[in-house]
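Take a look at the fold below.

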Amino acid sequence: MSHLAIQEDMLPGRTVLERLENAKYLGLSGVEFWAEGLTARVPEIAPALQQSGMKATGVNLGRLDGYLSPDWETRDNAVSTMRQAMADAIDLGADYVTFVPHYGAPTMPDLTPYHTPLDLEKEMMVWLLRTVSDLAYALGTNLYMQPVNHYESHFMTRMD
């Protein structure tokens, strides 16, 4: 049996339980949930997962941005949201949290010849991963960094 999952909002149904039962009927193995507003929904989703016999596969941070912002408060808010998504993933029994490192054009200053904006963003991403990887490891969840096409981001557009 192959393991296929779907994002919750792509399923028909008025309630979480109806959507999960529809996923099961379609032969899917699990459902991925959007991070936005998830914390408040965990008490509704957890029993529906148990009742339906479905699995929460992951939590997707969607278009959340700010990890590579030059503004400290923006970065801190993005990292806090990621940490909460990891906690929600654990509460739902999900295996991973997916995030896109950056959307749009570079926002870091050009400090050439010291560092280009891309050099600064790479260093900032290493800082971010060091900041959150220990928590992910301690919680037992995985962080998946998702590339997007070059029309949406300049930062990470290919798997390699």
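The paragraphs below treat these parts in turn.

This is a predicted model, with local features needing pLDDT of at least 70 and side-chain atom pairs pLDDT 80 or more, while totals for chains, interfaces and linings use all residues. Residues are numbered from 1 along each chain as its sequence is written, and side-chain values use heavy atoms, without hydrogens or water.

Start with helix α3 (residues 72–92) and helix α4 (residues 117–139). Their axes lie 11 Å apart and form an angle of about 25°. Angles under 35 degrees count as roughly parallel, so α3 and α4 are roughly parallel to each other. On the α3 side, the contact (heavy atoms within 4.5 Å) includes Val79, Met82 and Met86. Their partners in α4 include Trp127, Leu128 and Leu135. The residues of this contact divide into twelve nonpolar, one polar and two charged. Here Ala, Val, Leu, Ile, Met, Phe, Trp, Tyr, Cys and Pro count as nonpolar, Asp, Glu, Lys and Arg as charged, and the others, Gly among them, as polar.

Now turn to helix α2 (residues 38–52). It has a kink of about 40° at Glu44, shortly before Pro47. The bend is the angle between axes fitted to the seven residues ending there and the seven starting there. Gly53 follows α2, with a positive phi near 80°.

Finally, find Ala5 in strand β1 (residues 5–7). Ala5 and Gly30 are 25 residues apart in sequence, yet 4.5 Å apart in space, C-alpha to C-alpha. Ala5 also touches Val31 and Thr57.

Key
Axes fitted to C-alpha atoms, helices over the stretch in contact; angles between N-to-C directions. Helix = DSSP H or I, 4+ residues; strand = E, 2+ residues; numbered from the N terminus. Parallel < 35°, antiparallel > 145°, perpendicular 65-115°, else oblique. Lists of a residue's contacts leave out its neighbours within four places in sequence.
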